[in-house]
Amino acid sequence: MSKVNLLNFDLDGLTAYCEGLGEKRFRATQLFRWIHQRGAADFSAMTDLAKSLRDKLTGLAEIRPLPVVSEHVSADGTIKWLFDVGAGNAVETVFIPEDDRGTLCVSSQAGCAVGCRFCSTGHQGFSRNLTTGEILAQLWQAEHVLRLRLKTPAGERVITNVVMMGMGEPLQNYDALVPALRTMLDDHGYGLSRRRVTVSTSGVVPMMDRLRVDCPVALAVSLHAPTDPLRNELVPLNRKYPLEELMAACLRYLDAAPRDFITFEYCMLDGVNDSLVQARELLALIDGRRGPRVPCKLNLIPFNPFPASGLTCSPKDSVTAFAKVLQDAGVVTTVRKTRGDDIDAACGQLAGEVQDRTRAAERMKRLPIPVVALGAAVPRPHEH
Ligand code: SF4
C-alpha cells in the first residue's frame, strides 16, 4: 500500500487525517509546522510529537519530495529546477532573487491545454494536472534547500513571494491549487500575505469567481491582445470567455482582492500586438470606454522567441512607444526585466518535458495569424 503524501494536505486536511488516526487537532498543527516551517521530512526528527504518533506516521505516511532532474543557476542568480513528476513528465520551477524579495515561480500542470501561441509550454501540449503535493513540493524543496545553502538565520524565509506563473493554467487545476494556496498563506505554513501570492490566469472566468470567494490572492491576467479577433488567435480560451466577460470578471474579483488592481500581462510580439493603434485599443479596453473601467497595472513582457512559435520580440522602440501611450494616459505600465534568459528561465521559456495527450504541436501548425485578427494596415510604431 502506498504511503499518504502529507504535502497533499492544507491544515484542515491534515487535521482531518490526524483525527482519523485518533489524534487531537493540535497534533496536526505541530506536524504541519514541522513540515512547512522547518522542512522536516523525517518523522523521527519531530521530537515534540509522541513516539507512538511518530511510529504510526512512519508506517503510513511520508513527505514526498520531487526528484530533481536538473538545476541551472543563471549569471544573475536566478535558479531553475526541472522536477520529475513521473511517466516521462517534468515541470519547471524558477527562483528569482532580488534585493528586497525572493520570488518563486511555480508550475501547476505538466504542460497546458490552453495552447497560447507565444508560449513554449502551450506548444508542448498537456499531460496532466499536478497534485497539491506536487505543487507544494516545489515551494517546500526550494525554500528549505535555499535556506541551507544560504545559511539563512532560523525563522527567516528565503521565498517571500510566490507566483503561479510556471507551466500550466492554475485555474484549470483548481481543486489542487486551492489547498496549496491555503498552505502558502497559513501562519503555521509559509505565512505569506495574500498580496505576495499571485495566481496568473489566461482568463478562466468561472474559476476567477470561485477563487474570489475561496482564496482571494493577488491576480494577474494574461491579456496579450486588445481585441477579441486577435486574442482568439493568441489565447484560444478567449473564444470561450471573450474580453467583455473577462473584464467584468476582473472587476468582480477586485471586490475581494488583496490589492486594488489587477495585473495585466501583455507579451510584446513584433507586428502582431505592438502597434500604437493597438496600444490605444488596449487603453480603451481598460479605461472604461469599451466596458467597465478596470483598475490595473500593465506589465509588458518582452517575448522570448523559440523556433516553433514563428514569432519574434517587438523591437525596443516599439515597446517604449507602446508603453508611452498607456503611461501618458495614467496607466501604470512597466516593462518586465528578463531574468535568467541564459538558462531559458525567462517568461514563456519554461518547457519541461511533457507527454502530450492533446496533439498541441499539430494544432499550432495553423500559422500565420490571420490579417483580420491583426487589424489590416496597422501603422507600426517604428514607422512613425
Ligand atoms: S501562457 Fe499560460 S495558459 Fe497560455 S499556454 Fe502557456 S502556460 Fe498555458
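**Reading helix packing, sheet and ligand shell**

A: The model is predicted.

Q: At what angle do helix 10 and helix 11 pack, and how far apart are their axes?

A: Two packed helices are described by the angle between their axes and by the distance between the axes. Here helix 10 (residues 276–286) packs on helix 11 (residues 316–328) at an angle of about 30°, and their axes are 9 Å apart. Helix 10 is therefore roughly parallel to helix 11, since angles under 35 degrees are counted in that way. The crossing of helix 10 and helix 11 is right-handed.

Q: At what angle do the axes of helix 7 and helix 9 cross?

A: The axes of helix 7 (residues 205–214) and helix 9 (residues 243–254) cross at roughly 0° and come within 9 Å. This makes helix 7 roughly parallel to helix 9. Val 205, Met 208, Asp 209 and Arg 212 of helix 7 meet Glu 245, Leu 246, Ala 249, Arg 252 and Tyr 253 of helix 9. The residues of the contact of helix 7 with helix 9 comprise five nonpolar, no polar and four charged.

Q: How are helix 1 and helix 2 oriented to each other?

A: Helix 1 (residues 11–20) and helix 2 (residues 25–36) pack with their axes 8 Å apart, at an angle of about 125°. Helix 1 and helix 2 are therefore oblique to each other. Their crossing is right-handed. Helix 1 contributes Leu 11, Leu 14, Thr 15, Cys 18 and Glu 19 to the contact, and helix 2 contributes Arg 25, Arg 27, Ala 28, Thr 29, Leu 31 and Phe 32. By class, the contact of helix 1 with helix 2 has six nonpolar, two polar and three charged residues.

Q: In what order do the strands of the open sheet lie, and which are the edge strands?

A: The order is 3-4-5-6-9-10-11-12-13-14, so written for ten strands whose pairing is mixed. Strand 3 (68–73) and strand 14 (332–335) are the edge strands, each pairing on one side only. On average, neighbouring strands of this sheet are turned by 20° against each other, direction ignored. Within the sheet, strand 4 (residues 79–86) and strand 5 (residues 89–98) pair in the antiparallel sense over seven bridges. The bridge partner of Phe 83 in strand 5 is Val 91.

Q: Which residues surround the ligand?

A: The ligand is surrounded by Cys 112, Val 114, Gly 115, Cys 116, Cys 119, Thr 121, Gly 122, Met 167, Gly 168, Glu 169, Ser 202 and Ser 222. The shell around the ligand has five nonpolar, six polar and one charged residues.

Key
Residues are numbered from 1 along each chain as its sequence is written. This is a predicted model: local features need pLDDT of at least 70, side-chain atom pairs count only at pLDDT 80 or more; totals for chains, interfaces and linings use all residues. Axes are lines fitted to C-alpha atoms, for helices over the stretch in contact, and angles run from 0 to 180 degrees between N-to-C directions. Helices (H or I, at least four residues) and strands (E, at least two) are DSSP runs, numbered from the N terminus. Angles under 35 degrees count as roughly parallel, over 145 as roughly antiparallel, 65 to 115 as roughly perpendicular and the rest as oblique. A crossing is left-handed if the near helix is turned anticlockwise from the far one by less than a right angle, and right-handed if clockwise. Two strands pair if DSSP finds at least two bridges between them. A residue is near a molecule or strand if its C-beta atom, placed from the backbone, lies within 6 Å of it. Ala, Val, Leu, Ile, Met, Phe, Trp, Tyr, Cys and Pro count as nonpolar, Asp, Glu, Lys and Arg as charged, and the others, Gly among them, as polar. Two residues are in contact if their C-beta atoms, placed from the backbone, lie within 7 Å.
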